Amino acid sequence: DSRWIEQITKTRTLWGTIQKPFDCCLHLNELRTINERVAQQVASAEELALKLVGHPKVERVFYPGLASYPQRAVVEKQMTADGAMMAFTIKGNLAEAKKFLKALKLITIAVSTGSIDSLIQIPAIITHRPDREFGSLIPENLIRFSVGTENSKALWQDLNQALNQIEEKTQ
């Protein structure tokens, strides 16, 4: 009956497919360590955000854990941790932003934000192209960074060496 197929298709679209037992077992094991992993990611993100604020080739850092964050009062009311996601603008244009990303050795260029691996991207060309709605509002020198569980010192070394590859330019 086509009604059943339509209902199954709708449900599957909304909720996804049923996982295999082995996948469920893996997810259960991952859930047992989620608190530790998220705590590591948040601690690293806080440390890296503070270092990025002080870097001469970074214009601005957008991270809820910073005292300078515009909605800090809301963050303190609503959140128990500041998260592992941030964005920052570099001093330079799109070409410099691309050069920065290409210079990274440890951090992976990718769109996803839900990983234990640190992921980074330029929203202006990957997720918010100028020909799409709101794309022209996204600065071309904005970098989105999802901090993973890697050692924060290693992450900072990678960010710092890549930032030092770009030329200091003003827009």
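## Two oblique helices

H2 and H3 are oblique to each other, where angles under 35 degrees would count as roughly parallel, over 145 as roughly antiparallel, 65 to 115 as roughly perpendicular and the rest as oblique. The axes of H2 (residues 21-32) and H3 (residues 34-53) cross at roughly 55° and come within 5 Å. Axes here are lines fitted to C-alpha atoms, for helices over the stretch in contact, with angles running from 0 to 180 degrees between N-to-C directions. Helices (H or I, at least four residues) and strands (E, at least two) are DSSP runs, numbered from the N terminus.

Who touches whom? On the H2 side there are Glu-30, Leu-31 and Arg-32, and they meet Ile-34, Glu-36 and Arg-37 of H3, with contact meaning heavy atoms within 4.5 Å. That set splits into two nonpolar, no polar and four charged residues (nonpolar is Ala, Val, Leu, Ile, Met, Phe, Trp, Tyr, Cys and Pro; charged is Asp, Glu, Lys and Arg; the others, Gly among them, are polar).

## About the model

This is a predicted model, so to speak of local features takes pLDDT of at least 70, and side-chain atom pairs count only at pLDDT 80 or more, while totals for chains, interfaces and linings use all residues. Residues are numbered from 1 along each chain as its sequence is written, and side-chain values use heavy atoms, leaving out hydrogens and water.

## The sheet

Five strands make an open sheet with mixed pairing, in the order E1-E2-E5-E4-E3; two strands pair if DSSP finds at least two bridges between them. E1 (58-62) and E3 (108-109) sit at the edges with a single partner strand each, so one side of each has no neighbour in the sheet.

E2 runs antiparallel to E1, joined by four bridges, and Phe-62 stands opposite Ala-87 in E2. E2 is also antiparallel to E5, this time with five bridges, and here Phe-88 faces Ile-143 in E5. H3 lies across E1, E2 and E5 (142-146), at about 15° to E2. Five of the six residues in E2 are buried (under 20% relative accessible area with a 1.4 Å probe, protein chains only; exposed is over 50%, partly exposed in between).

## One aromatic pair

The structure holds one aromatic pair. The ring centres of Phe-88 and Phe-100 are 6.0 Å apart and the planes sit at 80°, so the pair is edge-to-face. For Phe, Tyr and Trp (its six-membered ring), pairing needs centres within 6.5 Å; planes under 30 degrees apart are stacked, over 60 edge-to-face and the rest tilted.

The pair links distant parts of the chain, 12 residues apart: Phe-88 belongs to E2 (residues 85-90) and Phe-100 to helix H5 (residues 94-103). Both Phe-88 and Phe-100 are buried.
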